[in-house]
Amino acid sequence: MEENFSIRKIVAKNVKKYRKLNNLTQENLAEAANISNTYVANIECGQTWVSDKTLEKIAVALHIDIYLLFLPDLPEKNEESSVYKREEIISYLNNREKELGTYIKNFFSETFSHILKD
């Protein structure tokens, strides 16, 4: 579980995904977010962590809500795996409470419960 749900890897993958969805190069994103090209590359490779302020700049430059940068891609749900995945995600978030902070943990717990319930 730890390997699949590394916050740094999730953010890295999402920055790259939303950058490409916006048809931006790393240079374009760096310019729009007022950060260096190298920093964008390091974020997308998961080599560096970013501050909340930098994440806000990136989200604004990508025209997305910041929480989208933290959402992992979930496999297609089926009847058998829904309950297991929800419990697995909530357990992970509970174990990472200090890193994520109480607000983010609660937000994700409620969001994933709602998504997997539908």
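This is a predicted model: local features need pLDDT of at least 70, side-chain atom pairs count only at pLDDT 80 or more; totals for chains, interfaces and linings use all residues.

User: Why are helix 2 and helix 3 called roughly perpendicular to each other?

Analyst: Their packing angle is about 110°, and the axes lie 8 Å apart. Angles from 65 to 115 degrees count as roughly perpendicular, and 110° falls in that range, so the label applies to helix 2 and helix 3.

User: Which residues in helix 2 and helix 3 meet?

Analyst: From helix 2 come Q26, E27, L29 and A30, and they meet N37, V40, A41 and E44 of helix 3. By type, the residues of this contact are four nonpolar, two polar and two charged.

User: What makes one face of helix 2 the buried one?

Analyst: Start with the buried residues of helix 2, namely L29, A30 and A33. Looking down the axis of helix 2, these residues fall within an arc of 100°, so they line one face. Here is the background: an α-helix has 3.6 residues a turn, so residues three or four places apart point the same way. On the face of helix 2 turned away from the buried side sit the exposed residues E27, E31 and A32. The cover over the buried residues of helix 2 includes helix 1, helix 3 and helix 4.

User: How do you know that the buried residues of helix 3 line one face?

Analyst: Helix 3 spans residues 37–44, and V40, I43 and E44 are buried there. Seen down the axis of helix 3, they fall within an arc of 95°, so they line one face of the helix. Those buried residues pack against helix 1 (7–21), helix 2 (26–33) and helix 4 (52–62).

User: Why does N23 count as exposed?

Analyst: Exposed means over 50% relative accessible area. N23 has 68% relative accessibility, so it counts as exposed. N23 lies in the loop between helix 1 and helix 2, and has a positive phi of about 55° although it is not a glycine.

User: And why is N34 exposed?

Analyst: The same cut-off applies: with 63% relative accessibility against a threshold of over 50%, N34 counts as exposed. N34 is found in the loop between helix 2 and helix 3, just after helix 2. Its phi is positive, about 60°, although N34 is not a glycine. For a glycine with a positive phi, look just after helix 3, where G46 has a value of about 75°.

User: What makes W49 partly exposed?

Analyst: Buried is under 20% and exposed is over 50%, with partly exposed in between. The relative accessible area of W49 is 37%, so W49 is partly exposed. W49 sits in the loop between helix 3 and helix 4.

User: Which residues is W49 in contact with, leaving aside its neighbours within four places in sequence?

Analyst: They are I7, R8, V11, Y39 and F70. Take V11: W49 and V11 are 38 residues apart along the chain, while their C-alpha atoms are separated by 9.0 Å.

User: How many helices and strands does the protein have?

Analyst: Its secondary structure comes to seven helices and zero strands, which reads along the sequence as α-α-α-α-α-α-α. Of the 118 residues in the protein, 36% are buried. Among contacts between residues at least 6 apart in sequence, 61% join residues at least 24 apart.

Technical notes:
Residues are numbered from 1 along each chain as its sequence is written. Side-chain values use heavy atoms; hydrogens and water are left out. Buried means under 20% relative accessible area, exposed over 50%, partly exposed in between (1.4 Å probe, protein chains only). Helices (H or I, at least four residues) and strands (E, at least two) are DSSP runs, numbered from the N terminus. The arc is that of the directions from the helix axis to the C-beta atoms. Contact means heavy atoms within 4.5 Å. Axes are lines fitted to C-alpha atoms, for helices over the stretch in contact, and angles run from 0 to 180 degrees between N-to-C directions. Angles under 35 degrees count as roughly parallel, over 145 as roughly antiparallel, 65 to 115 as roughly perpendicular and the rest as oblique. Ala, Val, Leu, Ile, Met, Phe, Trp, Tyr, Cys and Pro count as nonpolar, Asp, Glu, Lys and Arg as charged, and the others, Gly among them, as polar.
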